[in-house]
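Have the sequence and the model open side by side for this one. We'll go helix by helix, then strand by strand, and finish with a few loop residues.

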Amino acid sequence: MKRKWMAMALTAAMAAGMLAGCGSSSPETAGSSATAADTQTSTQASSETQAQTTAESTESGAAGSPVELTVWSWDKNFNGAAFEEADKLDDNVTINFVEMAKADCLQKIQTVLASGSTEGLPDIVTISDLNAQGYLMSYPGAFLSMDDYINYDDFASYKKGYVTYDGTGYGVPFDTGVAALFYRTDYTEEAGYTDEDMQNLTWDSYAELGKKLKEKGHYLQTFNPNDVSNMQITLQSCGTWFTDENGKANFVNNDALKESYRLFKEFNESDFVDPVSDWNGFAGAINGGDVACVIRGSWITSTIKGGTDQSGLWKMAPIPKLDGVEGATQRSNQGGSSIYVLANAPHAKEAAEFLAKTFAGSTELYNTLLSTANIMGTYLPASTVEAYDASDDFFSGQQINKTLASWIDEIPEVNPGAYSAEAQSALLSVTPDILNGADLETELQSAEEQFNSTVQE
């Protein structure tokens, strides 16, 4: 199958503002933009050097001294901290963590794979989950299969779709973006809502809460008409996505997407949301006390805690449920990444064994990460470690991590495919017309046609 690929710079520009996650204010860069020539070059390089790489890796491991594994990733306080702690658990390796901005990291991975060169390859890379399928499809043979090293049943089922391609598992699932509704108890109580009332909201009843909050002088949440991030949450909560299992646009016949747009339009026309245009406005509204609620992946807790004067005023509840959509749940995900070994890296075998021992085999590691850096993984055997029992004074003494962990394995699994960025770009291009009253069916059909012209069989 041949694909017509969109240039990465164009995809990233069109998708700006849609894919922010994991506490980063910058959008994720699409990893699905490779040419057929790139793929052919990468495949040829993989087959020619695989045997040599394996031999070199084995020889190095036999030397008896620790093997240096180079990791390309972003955010030293998050991913860097995770690898630092993992390094302490394996005397056979030392970690060389090379930090870059997320977009730069994803771009550099693509550039080196497209070149077909094996010189200077890192052993391990971090790839955001929504980008992973693009890399796996575009560069066959570039990533080491982890099927013989780890047990994928040990991880939250929803993560498997991100790290698996064509029936083979490549990535080690890492952090979660399990979604939740975080709310200011003082504001919701003022509007007449109890904590019990907040547990089983639908999106329509959530909107009703917004109207009552506005009467009390508070906004429900922020709203950015150029950001459809919440649609990632609403769609996955129903077990569906922007694309279908064949990578084709799933717009016109997607009830969850239509319902999401109905709500998106309602919120846009309302007076109970606080309009923002970027991350700074979003975070500022939360920390400044302007909004009562935040619906995002669990990584947003660090941002919420930036409002130190609000400690003890926040609590957490499940996300609202979409009304009238078959399969709708109160569980979803937004954000997250996984860890991959490059098959032609200098120490691919040692890297795979290291990941199997640590991120795919150590409950101790996840206990440390959660207690020291509030990093929550998707490794199910670690869901009962001691750190989950800790109460959080900022969130009114709730055991939020324990609750979040109990939700992880209930998140509906979806296959995001390789074209999530392109699909969301196509939708974003028609969103202004939808908000201005254009016929939804017509605009979704137009978005499908745009998507099909971008990604062709």
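**Helices in contact**

Start where M231, T234 and L235 of α9 meet A256, L257, S260, Y261 and F264 of α10; contact here means heavy atoms within 4.5 Å. By class, the residues of this contact split into six nonpolar, two polar and no charged. For that sorting, Ala, Val, Leu, Ile, Met, Phe, Trp, Tyr, Cys and Pro are nonpolar, Asp, Glu, Lys and Arg are charged, and the others, Gly among them, are polar. Before going on, bear in mind that this is a predicted model, where local features need pLDDT of at least 70 and side-chain atom pairs count only at pLDDT 80 or more, while totals for chains, interfaces and linings use all residues. Numbering starts from 1 along each chain as its sequence is written, and side-chain values use heavy atoms, with hydrogens and water left out.

Helix and strand names follow DSSP runs numbered from the N terminus: helices are H or I with at least four residues, strands are E with at least two. The axes of α9 and α10 are 9 Å apart, and the two helices pack at an angle of about 140 degrees. (Axes are lines fitted to C-alpha atoms, for helices over the stretch in contact, and angles run from 0 to 180 degrees between N-to-C directions.) That angle makes α9 oblique to α10; the scheme calls angles under 35 degrees roughly parallel, over 145 roughly antiparallel, 65 to 115 roughly perpendicular and the rest oblique.

How much of α9 is buried? Nine of the nine residues of α9 (residues 229-237) are, so this helix is largely enclosed by the rest of the structure. Buried means under 20% relative accessible area, exposed means over 50%, and partly exposed is in between, with a 1.4 Å probe and protein chains only. Just after α9 comes G239, with a positive phi of about 75 degrees.

Now follow α10 to its other neighbour. Helix α10 (residues 255-269) and helix α17 (residues 440-454) have axes that come within 12 Å and cross at roughly 120 degrees, which makes α10 oblique to α17. This crossing, too, is right-handed. On the α10 side L257, K258 and Y261 make the contact, and on the α17 side L440, E441 and L444 do. The residues here come out as four nonpolar, no polar and two charged.

Stay on α10 for K265, which is found in this helix and counts as partly exposed at 24% relative accessibility. Leaving aside residues up to four places away in sequence, K265 touches I434, L435 and G437. K265 and L435 are 170 residues apart in sequence, yet 5.4 Å apart in space, C-alpha to C-alpha.

**The sheets**

Strands of a sheet pair through backbone hydrogen bonds, either parallel or antiparallel. β6 runs antiparallel to β12 (residues 337-341), joined by two bridges, and V172 has I339 in β12 as its bridge partner.

α5 is mostly covered, with ten of its ten residues buried.

Another open sheet has three strands in the order β10-β7-β11, paired antiparallel. Here β10 (293-297) and β11 (314-317) are the edge strands, each with a single partner, so one side of each is left without a neighbour in the sheet. The twist averages 25 degrees from one strand to the next. β7 (residues 179-184) pairs with β11 over four bridges in the antiparallel sense, and L181 stands opposite A317 in β11.

**Two loop residues**

Most residues other than glycine have a negative phi. D166, though, has a positive phi near 55 degrees. D166 sits in the loop between β4 (164-165) and β5 (168-169) and is exposed, with a relative accessible area of 72%. N374 also has a positive phi, of about 55 degrees, although it is not a glycine. Look for N374 in the loop between α14 (363-373) and α15 (400-408), where N374 counts as partly exposed at 33% relative accessibility.

Methods
Left-handed = near helix turned anticlockwise from the far one by under 90°. Pairing = 2+ DSSP bridges.
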